Amino acid sequence: MKDFFTSQFKDAIPDLKEIDTLLTEIKKTTDALTRSDLAEIERQSFSTASKYGRSAADYLQAVQDAAGAGYKNAADIAQLSLAAQNAGGISSELADQYISAADNAYQLGGSIEKLTAVLDGASAISSKNAVSMAQLAEGMSLAGEYTASLGLGADEATAALATVIAATGQGGAEAAQSLKAILLNTQQITDEGQGIDGGGLARYADACRALNVSLKETKDGATSLRDPMTVLKELSQAYASLAPGDARKTGLLDSLGSAQGAQALDAILGNFNMYETMLEEYTYGTGALAKQAELTANSWEGSLNRLSNTWADTVGNLVNSDAVIAIVNSLNGVLSVINNITTALGPLGTAGLGAGLFASFKNVGRDKMSSPIVLNMPTAP
């Protein structure tokens, strides 16, 4: 038992050292966190990490990353990142990218409530469909800015990406590129990087008109482009009525100019009911992220991490206690005296002193520390 606790004590020291290093780095990377904020983060690091079945170092690394990204509420963003990592089985880098992309695209101002709603919706969709949080995180990281600027809400963008992924088998990056192409054509915006020019936009608009769907509307004498998802819903209704070999169907798909884009458009138009179901799942997904994250937190790995946190926290309390510091300082003083004596005695005297110390400590063990330590000092030659 003694050897076990000694081993565990030694194992905890590197963890505590890493934690101290991370706290130092957090202090360096931000001016927004006050001294009291940092003290609170340190105090809560073990219990907060244990809530997610992660190590205290994982949590503090997330705090450092959030602080480095400029978040004043770094501790709260860190918890959200850990929840996303747990719920989706994704890396810290991808979780942070997802949070940052959603925050920046939809100008959420770092609101935990609003960011949690985005991740809740994604988690709800992921848990009910053939699409992973990793794919949605990757897709939103790449397409979030476009979807927001083109009029889609976070719920619509997430459901549209998920529909493309689930119906086509495209990865997150591919689905993001495909969705961007569809939205740019629907909103009649050229993009050299996407290979979309004026001629392609005209062909797409003509193909839509052939299905009696207009990309524009006129209100009060002013003409403007219509909401893209409303256009796609109308196209899906017309699309469903077409025979498999209808030239209008082929013309619409070909107008996108790429096989990948055509596959994605066919998936959305042919599965618009799936999109609407996912949209509803997103809307009623409150609490989905926490529920999925808890499953990982209560796994074997999560439970072992909690045990490790509790032990490291306990050792940290001992290491930092005034009593132990006083004892260590006293012991250092005694050893300094002994060091000076052994230097004066030379090799033979030191051997005799060592034997005396051994006998004294042996007596201490026998008397269970009830008797004072007596050093049998040899006579100097």
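Helix α5 and helix α6 cross in a right-handed manner. The model is predicted. The points below describe that crossing, then turn to a hairpin and an aromatic pair.

**Helices α5 and α6**

- Helix α5 spans residues 92-105 and helix α6 spans residues 112-128; their axes come within 10 Å and cross at roughly 120°.
- This angle makes α5 oblique to α6, because an angle over 145 degrees would be needed for roughly antiparallel and 65 to 115 for roughly perpendicular.
- On the α5 side, the contact involves Y98, I99, A102 and D103, which meet L115, V118, L119 and A122 of α6.
- Sorted by class, this contact between α5 and α6 comprises seven nonpolar residues, one charged residue and no polar residues.

**Strands β1 and β2**

- Strand β1 (residues 216-219) runs antiparallel to strand β2 (residues 222-225), and four bridges join the two.
- One of the residues in these bridges is K216, whose partner in β2 is L225.
- The two strands, β1 and β2, form a hairpin with two residues between them.
- In the turn of this hairpin, D220 has a positive phi of about 55°.

**The aromatic pair**

- One aromatic pair is found when the whole structure is searched.
- The ring centres of F272 and Y275 are 4.9 Å apart and the ring planes stand at 45°, so this pair is tilted.
- Both F272 and Y275 belong to helix α14 (residues 272-283), where they lie three residues apart, about one turn of the helix.

Methods:
Residues are numbered from 1 along each chain as its sequence is written. This is a predicted model: local features need pLDDT of at least 70, side-chain atom pairs count only at pLDDT 80 or more; totals for chains, interfaces and linings use all residues. Side-chain values use heavy atoms; hydrogens and water are left out. Axes are lines fitted to C-alpha atoms, for helices over the stretch in contact, and angles run from 0 to 180 degrees between N-to-C directions. Angles under 35 degrees count as roughly parallel, over 145 as roughly antiparallel, 65 to 115 as roughly perpendicular and the rest as oblique. A crossing is left-handed if the near helix is turned anticlockwise from the far one by less than a right angle, and right-handed if clockwise. Contact means heavy atoms within 4.5 Å. Ala, Val, Leu, Ile, Met, Phe, Trp, Tyr, Cys and Pro count as nonpolar, Asp, Glu, Lys and Arg as charged, and the others, Gly among them, as polar. Two strands pair if DSSP finds at least two bridges between them. Rings of Phe, Tyr and Trp (its six-membered ring) pair if their centres lie within 6.5 Å; planes under 30 degrees apart count as stacked, over 60 as edge-to-face and the rest as tilted.
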